Amino acid sequence: MQKIDMNLWERKELFEFFSGVSQPFYSVTFTVEVTKLYDYVKSKGLSFYYALVYLCTEAVNETEAFLYVLREGELYRIDRREPSFTDLKPGSELFYIVTMPSGESMEEFCLAAKKKSMEQTSFIDGGQETDDLIYFSCLPWIELTALTNERDFCADDSVPRIAWGKYREENGRKRLQMSVELNHRFTDGVHVGMFYTALRGRIEALE
């Protein structure tokens, strides 16, 4: 983690502008081509959901602007963010929140996530809720067109919130709608584009 001198931060003017906005959070929903990811996880016997959580986590950590946090009024660049994702146990309508490191590989994460999810008995482990997370959710029953998240309002909240819905298949290609909710004090649309590019690159690199 690196402490940043706000006066030398290139984003200082934008940060101050959006700090004067009573609601600085915004959400963007866009289409992601996931055919190659779907084929890959099916061939490996992995969870599509956990795999996409992993790939999004890595794409977030490739996007510099997603790594800034405010702590007691001081600006820091954290080393990395880790996933905190909703899940359902078979036969239940109640979701719970699993928080864990992403690990060294997608395969490793998928296996560890399945194990931790099945073993978790509480709704959430509050001790793991920190500002260096990414909040993930999924609505696999519907095609997502837009989404907002609940929050205990705090203008310093820099945790990215990422969600997606049911994928749609057309002409043999699978696509889903993904929502990313961010704080405009730290990020702009160009950074959403960087995240998208990083995610697409990781999906296309799957063999």
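**View 1. Helix 4 gives the most residues to the lining of the second largest pocket**. In this predicted model, the contribution of helix 4 to that lining is five residues. The second largest pocket holds about 200 Å³ of space. Its lining is made up of 14 residues, and those closest to the pocket centre are Ser47, Tyr50, Asp87, Lys114 and Met118. Two or more lining residues come from each of strand 5 and helix 4 (106–119). Sorted by class, the lining of the second largest pocket comprises eight nonpolar, three polar and three charged residues.

**View 2. The largest pocket holds about 1100 Å³ of space**. A total of 45 residues line the largest pocket, and the closest to its centre are Tyr49, Thr86, Phe136, Ser137 and Cys138. Two helices are among the elements that supply at least two lining residues each: helix 2 (35–44) and helix 3 (48–61). The strands that do so are strand 3 (68–71), strand 5 (82–88), strand 6 (95–99), strand 7 (133–139) and strand 8 (161–165). By class, this lining contains 24 nonpolar, nine polar and 12 charged residues.

**View 3. Three strands form an open sheet in the order 1-4-3**. The pairing in this sheet is antiparallel. Strand 1 (2–4) and strand 3 are the edge strands, each of them pairing on one side only. From one strand to the next, the twist averages 40°.

**View 4. Strand 3 pairs with strand 4 in the antiparallel sense**. Four bridges join strand 3 to strand 4, which spans residues 74–77. In one of the residue pairs, Leu70 has Leu75 of strand 4 as its bridge partner.

**View 5. Thr57 lies in helix 3**. The relative accessible area of Thr57 is 0%, and the cut-off for a buried residue is under 20%, so Thr57 counts as buried. The side chain of Thr57 reaches the backbone oxygen of Val53 at a distance of 2.8 Å.

Technical notes: Residues are numbered from 1 along each chain as its sequence is written. This is a predicted model: local features need pLDDT of at least 70, side-chain atom pairs count only at pLDDT 80 or more; totals for chains, interfaces and linings use all residues. Side-chain values use heavy atoms; hydrogens and water are left out. On a 1 Å grid over the protein atoms alone, a cavity is a set of points where a 1.4 Å probe fits but cannot get out, and a pocket is an open set with protein on both sides within 12 Å along at least five of seven lines; lining residues have an atom within 4 Å of a point. Grid points are joined across faces, edges and corners, and a volume is the space filled by probe spheres set on the points. Ala, Val, Leu, Ile, Met, Phe, Trp, Tyr, Cys and Pro count as nonpolar, Asp, Glu, Lys and Arg as charged, and the others, Gly among them, as polar. Two strands pair if DSSP finds at least two bridges between them. Axes are lines fitted to C-alpha atoms, for helices over the stretch in contact, and angles run from 0 to 180 degrees between N-to-C directions. Buried means under 20% relative accessible area, exposed over 50%, partly exposed in between (1.4 Å probe, protein chains only). A polar contact is a pair of N or O atoms within 3.5 Å; within protein, one must be able to donate a hydrogen and the other to accept it, and residues adjacent in sequence count only if both atoms are side-chain atoms.
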